[in-house]
Amino acid sequence: MRTSSQLLIGALAGSAAAMPTVVEPRQVQCPAFPSPVPTYSQYPVQSTLPDPFLPLKYTTTDNAAGSSTFAKDIMAGKGSNRVKSTEEWYKCRQPEILQMLQEYQYGYYPDHSQEKVEATRSGTTINIAVTAGGKTGKFKATIQLPSGASASKPAPVVINIGGMQNAPYLSAGIAVAQFDYTSVAPDSNSKTGAFWDIYKGRDIGALTAWAWGFHRTLDGINMTAPEIDPTRVGVTGCSRLGKAALAAGLFDTRITLTMPMSAGIQGIGPYRYHGMSGQDETLENSKSGAGWWSNSKLGTFVNHHENLPYDAHTVAAAIAPRAIVIDQGSGDQFTNSKATAVVVYPAAKLVYDWLGVGDKIAMNVRSGGHCDMAGFTSILPFVQKTFFGTATTKDFYSGGTYGAPMTTTYPWATAVPPKAA
Ligand SMILES: *[C@@H]1O[C@H](CO)[C@@H](O)[C@H](O)[C@H]1NC(C)=O
């Protein structure tokens, strides 16, 4: 059977005999982001994790056409117009997920092309000043270098907020950078700090503001620290700061490795299946306890979290093909380690596998509790694998003590779309 493009080439052959035949790549048409932006009630209630391959346009109930099985069908991966190629994923679906997440949760990340960054360094301190729209925000970061790091042999770096285990990283030849996240945006409703000095008035969550702090710290490192390689960069933090590290990995493709630790809801814990372990952190109680982490629109999904057209696996999947290592303690009394390990992780890994980068998404279930510092040494072999290509025999690809994946929580997995040739 001849395709229409072959027919076209045949038809042109006579008139353009001297020209070489160019086979055009299959044209990928992206479905438009729904406009006006759907509200929660335009999405069906999905009790299982939403199909990451289904474009937003085909997730809304106006596609149900009276079908009483619409929700069940899309949960099972029977929606129409699912993504069929890696090209379509990266060209259409990944940008759509980024827009969707900014729309419904994070708020819109500021346009970096409108920012001017200036940085000066004094010893281990980097002073960063960002100017946009006539306003300037300033904050500081500090760096610690491993021995032997130099401009001719620059070290990879892990940027953290809230502290980490520095010594094992430095010994492994990895620099550690840190900034005071409260000087970028406080963990409260008071809109002070470098980010709000520039962007006050915008409906943006603190997680996004902290993510921006990571990125501007990387800008400052790139400008003033030749001993650091700005193309091998990890971002980390724990708990709410782990939620921020996830956002930092999501919104900047310069981040090589995203390292959310005990991150929970609005991080790598699911909105659905919220009560499987820990103290049942939910969309509802996180929004009422710390509403400033996200934009206001996430609040419209309170008591309707099963209408969300995404879940934590969607966020992780949007980071592909870049690396992510998820750390959870089995004794964590706060976040839902179990669901992260046997629901979110395997669902996100399916997308990574489908994209051909399954070894880039790692799960580390360790003993110990919430934000146990030992988590940092526990994930270090994966960090070394990512930065240096060092082989490791440690198992980073299972739910550990939580056991096998709960495949019933992502029924679309049995119908992963066949890839177009
Ligand atoms: C570092 O700065 C240079 C010069 O502005 C730029 O071309 C490069 O993309 C930057 N690298 C990173 C990783 O930000």
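## Helix H7 and its cover

In this predicted model, the buried residues of helix H7 are covered by elements that include helices H3 (86–106), H6 and H9. Strands S6 (228–238), S7 (257–261) and S8 (323–329) are also among the covering elements. The buried set runs from Arg240 to Leu250 and includes Lys243, Leu246 and Gly249.

Serine 239 lies in the loop between S6 and H7. This serine has a positive phi of about 65° although it is not a glycine. Serine 239 has 20 other C-beta atoms within 10 Å; a residue is buried at 20 or more, so serine 239 counts as buried.

## Helix H6

H6, one of the elements that cover H7, takes in residues 206–224 and has 19 residues. From its first C-alpha to its last, H6 reaches 27 Å, close to the 27 Å expected at 1.5 Å a residue. Of its 19 residues, 16 are buried, so H6 too is largely enclosed by the rest of the structure.

Alanine 317 counts as buried because 25 C-beta neighbours lie inside 10 Å. When neighbours within four places in sequence are left aside, the contacts of alanine 317 are Pro52, Ala348 and Val351. Tyrosine 345 is 28 residues from alanine 317 along the chain, and the C-alpha atoms of the two are separated by 9.6 Å.

The loop between H9 and S8 holds proline 321. The peptide bond from alanine 320 to proline 321 is cis, with omega near 10°.

## Other local backbone features

A cis peptide bond also joins serine 35 to proline 36, with omega near -5°. Proline 36 sits in the loop between helix H1 (4–13) and helix H2 (70–75).

Cysteine 371 is a residue other than glycine with a positive phi, near 60°. Its place is in the loop between strand S9 (361–366) and helix H11 (374–388). Cysteine 371 has 20 C-beta neighbours inside 10 Å and therefore counts as buried.

## Ligand surroundings

Asn222, Pro230, Thr231 and Arg254 are the residues around the ligand. By class, this shell divides into 1 nonpolar, 2 polar and 1 charged residue.

## Annotated domain

UniProt, in an unreviewed entry, places the feature "domain: 4-O-methyl-glucuronoyl methylesterase-like" at residues 128–356. In the model, residues 128–356 are 32% helix and 21% strand. The end C-alpha atoms of this span lie 38 Å apart.

## The chain as a whole

The chain has 11 helices and 9 strands. Its C-alpha atoms fill a box of roughly 65 × 60 × 50 Å along the principal axes. The radius of gyration is 22 Å, which agrees with the value near 22 Å for a compact globule of 421 residues.

Buried residues make up 48% of the 421 residues. Among contacts with a separation of 6 or more, 69% are between residues 24 or more positions apart.

How values were computed. Residues are numbered from 1 along each chain as its sequence is written. This is a predicted model: local features need pLDDT of at least 70, side-chain atom pairs count only at pLDDT 80 or more; totals for chains, interfaces and linings use all residues. A residue is near a molecule or strand if its C-beta atom, placed from the backbone, lies within 6 Å of it. Ala, Val, Leu, Ile, Met, Phe, Trp, Tyr, Cys and Pro count as nonpolar, Asp, Glu, Lys and Arg as charged, and the others, Gly among them, as polar. UniProt positions are given in the numbering used here, feature names are shortened, and annotations may be inferred rather than shown by experiment. Helices (H or I, at least four residues) and strands (E, at least two) are DSSP runs, numbered from the N terminus. The radius of gyration is taken over C-alpha atoms; the globule rule is 2.2 Å times the number of residues to the power 0.38. A residue is buried if 20 or more other C-beta atoms lie within 10 Å of its own, exposed if 12 or fewer, and partly exposed in between; C-beta atoms are placed from the backbone. Two residues are in contact if their C-beta atoms, placed from the backbone, lie within 7 Å. The expected span of a helix is 1.5 Å times one less than its number of residues.
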